[in-house]
Amino acid sequence: MATGRTHRPATRSRGIPEATVARLPLYLRALTALSERSVPTVSSEELAAAAGVNSAKLRKDFSYLGSYGTRGVGYDVEYLVYQISRELGLTQDWPVVIVGIGNLGAALANYGGFASRGFRVAALIDADPAMTGKPVAGIAVQHTDELEQIITGNGVSIGVIATPAGAAQQVCDRLVAAGVTSILNFAPTVLSVPDGVDVRKVDLSIELQILAFHEQRKAGEETGAADEAASAQSVAQETPGAAAAAPAPLAPHRAAPGAGSDNGRQDNGRQGPDGDVPAVMPA
């Protein structure tokens with residue numbers, strides 16, 4: 001069986017944009033759900049809705065794979081699953097090591113989605129001697145002193161860092177020196193890596209902070225709307241009947257010198273030649 005060391009995904013050589021690559025797992029997840037329900041075909045609109053993108057973007061992404069679907073029929077679900085899996089390199093075995101077997105590392109080790117998506121947890125590594133030999137998810141934890149030997153012996157090219165922030169860079173350097181070329185970093189720190197090494201960062205606290213920002217903004221908008229409504233209601237209560245008591249605006253007119261209002265009566269609204277209402281109507 002091929003390992004990650006000898007086979008690399010073909011996406012870069014085929015010129016698939018990084019933004020498209022980032023969406024391929026979303027399509028694959030939606031397609032896998034359809035496959036499990038024995039759905040044979042899917043339209044671009046249905047698949048785009050399931051993946052959370054617009055259909056035009058989906059069709060553009062699939063064009064990079066050479067898949068255009070069939071008019072009136074849609075896309076073949078099983079074939080798309082194969083196409084995307086092949087492009088992502090999931091049709092082969094990818095041995096992975098997880099370094100840092102605390103609560104998060106242990107949870108990752110127990111995650112069942114790795115095996116079903118082409119990833120095999122080859123080793124669990126931790127610096128705590130008390131953890132050495134302890135089984136987690138059916139795998140005995142090994143000490144970090146053996147890290148380089150484990151990487152070489154298993155042909156590992158993907159490493160997962162779940163250590164505290166202070167230890168992450170040192171672990172990263174050792175992984176890279178041992179031959180790891182792709183790192184998934186869960187430590188709350190930015191890693192420095194040489195060219196040719198890919199790093200994907202997952203920071204749950206940052207994601208929660210972004211959600212907190214949006215929640216605060218929504219709360220502020222709701223508060224502002226409520227304040228405006230309360231202010232308008234207060235003004236209306238303080239000036240009851242104000243609108244009804246306001247005098248109607250009078251039409252502008254020019255009064256003739258010394259002219260009265262014809263014993264208090266209003267004019268009949270006829271206009272003079274210049275468009276003004278004369279103060280005194282002609283006999």
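Predicted model: local features only at pLDDT ≥ 70, side-chain atom pairs only at ≥ 80, totals over all residues.
Helix α1 gives the largest share of the lining of the largest pocket, ten residues. The space inside comes to about 1800 Å³. Besides α1, which spans 18-36, the elements that put two or more residues into the lining are α4 at 77-87, β3 at 94-99, α6 at 113-116, β7, β8 at 182-185 and β9 at 198-201. Sorted by class, the lining has 23 nonpolar residues, ten charged and seven polar.

Now the chain as a whole. How many helices and strands does the protein have? There are ten helices and eleven strands. The protein has 283 residues, and 32% of them are buried. If we take contacts between residues at least 6 apart in sequence, 56% of these join residues at least 24 apart.

Next, a pair of helices. Helix α2 covers residues 44-51 and helix α3 covers residues 55-63. Their axes lie 8 Å apart, and the packing angle is about 100°. That angle falls in the range from 65 to 115 degrees, so α2 and α3 count as roughly perpendicular to each other. On the α2 side the contact is made by Ser44, Glu45, Leu47 and Ala48. Their counterparts in α3 are Ser55, Leu58, Arg59 and Phe62. By class, the residues of this contact divide into four nonpolar, two polar and two charged.

Staying with α2 for a moment, this helix also holds Ala49. Is Ala49 buried or exposed? Its relative accessible area is 61%, and the cut-off for exposed is over 50%, so Ala49 counts as exposed. Ala49 and Ala30 are 19 residues apart along the chain, and their C-alpha atoms are separated by 9.4 Å.

Two buried loop residues come next. Thr163 sits in the loop between β7, residues 158-161, and α8, residues 165-178. With a relative accessible area of 10%, Thr163 is buried. What does Thr163 contact, leaving aside its neighbours within four places in sequence? The list is Val99, Gly100, Ala168, Val171 and Ala187.

The other one is Met131, in the loop between β4 at 119-126 and β5 at 135-136. Its relative accessibility is 14%, and the limit for buried is under 20%, so Met131 counts as buried. Not counting residues up to four places away in sequence, Met131 touches Ile101, Asp126 and Val141.

Last, some backbone angles. Most residues other than glycine have a negative phi. Ser38 has a positive phi, near 60°, and is not a glycine. Where is Ser38 found? It is in the loop between α1 and β1, the latter at 41-42. At 62% relative accessibility, Ser38 counts as exposed.

Ala137 is another residue other than glycine with a positive phi, in this case near 55°. Ala137 lies in the loop that runs between β5 and β6, with β6 at 139-143. Its relative accessibility is 39%, which means that Ala137 counts as partly exposed.

Key:
Residues numbered from 1 in each chain as written. Heavy atoms only, no water. Helix = DSSP H or I, 4+ residues; strand = E, 2+ residues; numbered from the N terminus. Buried < 20%, exposed > 50% of the residue type's maximum accessible area, 1.4 Å probe, protein only. Contact = heavy atoms within 4.5 Å. 1 Å grid on protein atoms, 1.4 Å probe; cavity = no way out; pocket = protein on both sides within 12 Å on 5 of 7 lines; lining within 4 Å. Points joined across faces, edges and corners; volume = space filled by probe spheres on them. Nonpolar A, V, L, I, M, F, W, Y, C, P; charged D, E, K, R; others polar. Axes fitted to C-alpha atoms, helices over the stretch in contact; angles between N-to-C directions. Parallel < 35°, antiparallel > 145°, perpendicular 65-115°, else oblique.
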